[in-house]
Each structure stands twice: as C-alpha cells, then as structure tokens.
Amino acid sequence: MTDTGCIIVGGGPAGMVLGLLLARAGVRVTVLEKHADFLRDFRGDTVHASTLTLLDELGLGEAFAKLPRRLVDQITVQLDAGSVPLRMNHLPGPHKHIAMVPQWDFLELLASDAEQEPSFTLLRNAEVIGLLTEGGQVVGVRYRDRDPDPSADPTPGTEHELRAPLTIGCDGRDSTVRAAAGLHAREFGVPMDVWWFRLPRKDSDPDGAVGRFSAGHVAVMLDRGDYWQCAYLIRKGSDRRLRAAGIQTLHREFSGLVPWTEDRIGTLTSWDQVKLLNVSLNRLRRWYTGGLLFIGDAAHAMSPVGGVGINLAVADAVAAARLLAEPLRTGHVDPGQLRRVQRRRWWPTLLIQGGQRLAHRFVLGRTLGEDPDARPAPGARLPRAVRVLQRFPVLGTIPAYLVAIGPLPEHAPTWARRPPRPASPKSE
C-alpha cells in the first residue's frame, strides 16, 4: 500500500490537464490510466480556441503547434435550399480556429510535460477496480496491473491499494469510479446515435467543417487534411437494423445527402470501418462526496452537438486545480471545497446541455423524423434564422463563440504558467 496527495482516475484530457496543473502546484499527484498508451480510436479530436489559449499560458503552445494538426476556421451549414458559413475570424483572442489533432498526440504532450514535475506520477496499465472507504469517506482506490499485451491470458494481475486525501474520477461517461461509489447520473433522452467513419479528402473539397441537413438525414464532416472524419446521424437504437440492410445502404444514403462524396463512398467496404457512438446526455446531481470528486464526462456526459465535450472537461480540470491546489498541499480537503468546484462549473454545464437538448428536440429530432422523400420544392426559402445569418454574417460569431470558446472559459492559475518551451523529441 502506498500513499499520494491526490489520485486521478483516467488519463484523458481532463485527467492529464488536472494532473499537470496540480503537479505544478507542488501536489503529489498520481494518475491511473488503464491502458498502456493513448493510441486508441478517439472520436473527440477537437482542441478548441479556449483550450489553445490555455496551452499558451502553460507554455505548451509552441510544442502543440508542431503536432500533426488541421486548423478549422469555418463551419458551413448546408441545407437543401442553400448554405451559410459560420466564420471564426471575429473570435476574441489569438486563436480564431479549432485545431483537429490526434488525441493521443495531445495526451502524450501533456504527459511528457507533467513527467518533468517531481511530484507527478503516471501509472499505465493500472485498472481501478474499487474504492477504499473508512467511516463513509473515500480514502483511495484498489487497482490491478493489466497485461499490456491484449492477446495475453486475461487473468487479473497483481492488485494494489493507493491512498490519498482526495480521489478524482476523470474516467469518462462509463466511469468505473462512479459505479463503485453507487452514484447514478440523471439521463436526458436523445434522438440519435452516430456512425463515425473516414472518407478520402480532395483538394477541391470544401474547407473547414461541413454540417449537412436534409429531410431524414444529418451529417457532419470534419476536415482532417487528407481525409474527412464523418459523422452520420441515425435514429436512436437503429444501428443493428440498419447494418442488417448492408453497407450499400450507407453508400446510397450518404452519397445522396453529400453528392460530391459519391466517387469515394465505395472505400467503405465493411461495417468494421463504421464505428457506433452510442450518444448519451446526462449529469450527476452532485459531483462529490467525502474524499471523492467527479469532473468531465464522469460528471456530465455531453452530446456530440458542437463537439464541446473536451473543451468543457478541460475547463472543469482547470477550475478544480485552481480551487483545490492549496487544500491538497495541506493534505485536507473538505466537502465544502469540493462543492465550490461544482458550483463554479455547474452553470456552464447546464447552459451547454440545455442548448444541446434544444438542438436534439427542435433540430435533430425533427430532421431525422422527417420523410426523406419530402424534399423542398425548387426555390424554397431558407429558415428565417439562416437568412438572418446570411444577411448579417457577423452574427455567426455568436454560435462560433459558443462552440470554440464556450461559456466561462478557464485560465491557468499564475502559479501554473510557464514561458514557451519547444517540442521535446518525444512529442515531435
């Protein structure tokens, strides 16, 4: 059994940002990541403008700029009757774009910098299997070593105990820590799931991100340079039935929705190339209990609408670090201090989730429920809101701001800021 100052479960964006910040505050912090590395098929590869500003404040902007990335400074909304661009050139601050970067590169950058701090420890292949409690207070976790070879005998490895004044669950929407604590999130109904796949991109294709809406169909395409990361929305729970109809059904429907992909949709030859994102939208009523706090998706799972989940999770981490660094240095964190974290991040979460619920109900749900054959007649007018955006493009800054920056962006505490440093050989 060993001890540390703070346990962070989960090495995603929230966990790694929080671990880095607390280590810079001098807190002994241990991050437990159940995988051997970060090389997994993440769907959330967006790093938004407010997170880019945070990286600058942490001295990591130059190193991040050397990672393989694609900058998106425009989102084009395409309807049957026309389209409207939402440009980010009027955003405040130095970053008037969203960066598309492989999440494993982003996480390795954070990990390599955090490991320069003497009080930081990252344990890989460490799978949390339970909580340690004393007198109703969480005092640590039980974890076991996972075999880094996935083909090896799945016999559980050696079990360990790790104790700390505070454990923070950053282990995602299917949080093991949350389940072990017996906490349940309030679920909000969603009308859709998402198929994710890639299609080749050509130089003649549109730039930036494209959102395509038509009766019965919705797709979002993210420019990744030499390929498109595509999200095709389907009715909730319809995945198995649609797959049974054959991959040709996807070919026909997607190329009908986005005709300029017809010459490449055939590169999808198997359903193995199409991943299902089971969409959920939920949040805990209370993000903490004695000795335990949740942030990010473990506290509030977000819909993919706007792609804001990572941005919100990182902001949670920054707020938690700023509010808890001093109590953690003293080795005593009471529920009142954890409550301050939830209060700080509660209203931005409600605002974003409220907007997503409205989009689900009045835009996506209705669009997916429409008759696909009910195409508008030639010359049909665009919705009034879209016509207003076409006439006054600067108004597009409002939705662009909510996506790229979001409500209540968090900034690095003074004690965590560093001058710019170049990329290390590991991150190049």
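Q: Where in the chain is glycine 307 found?
A: Glycine 307 sits in the loop between strand E22 (292-294) and helix H8 (309-330); helices (H or I, at least four residues) and strands (E, at least two) are DSSP runs, numbered from the N terminus. This is a predicted model, in which local features need pLDDT of at least 70, side-chain atom pairs count only at pLDDT 80 or more, and totals for chains, interfaces and linings use all residues. Residues are numbered from 1 along each chain as its sequence is written, and side-chain values use heavy atoms, without hydrogens and water.

Q: Why is glycine 307 called partly exposed?
A: Glycine 307 has a relative accessible area of 28%. Buried means under 20% and exposed over 50% (1.4 Å probe, protein chains only), so a value in between counts as partly exposed. In the chain as a whole, 53% of the 428 residues count as buried.

Q: What is glycine 307 in contact with, leaving aside its neighbours within four places in sequence?
A: Glycine 307 is in contact with Thr46 and His48, where contact means heavy atoms within 4.5 Å. Valine 403 is 96 residues away from glycine 307 in sequence, and the C-alpha to C-alpha distance is 7.4 Å. Across the chain, 76% of the contacts with a separation of 6 or more are between residues 24 or more positions apart.

Q: What makes up the largest nonpolar core?
A: It has 75 residues, among which Leu18, Leu22, Phe64 and Leu293 touch the most other members. H8 supplies the largest share of this core, 11 residues. Such a core is a set of buried Ala, Val, Leu, Ile, Met, Phe, Trp, Tyr and Cys residues joined through side-chain atoms within 4.5 Å.

Q: How many cavities of 30 Å³ or more does a search of the whole structure find?
A: The search finds 1. About 130 Å³ of space lies in the largest cavity.

Q: Which residues lie nearest the centre of the largest cavity?
A: Of the 18 residues that line the largest cavity, Ser50, Asn311, Ala315, Ile405 and Pro409 lie nearest its centre. Helix H2 (49-57), H8 and helix H9 (335-369) are the elements that give two or more residues to the lining. H8 gives the most, with 5 residues.

Conventions: On a 1 Å grid over the protein atoms alone, a cavity is a set of points where a 1.4 Å probe fits but cannot get out, and a pocket is an open set with protein on both sides within 12 Å along at least five of seven lines; lining residues have an atom within 4 Å of a point. Grid points are joined across faces, edges and corners, and a volume is the space filled by probe spheres set on the points.
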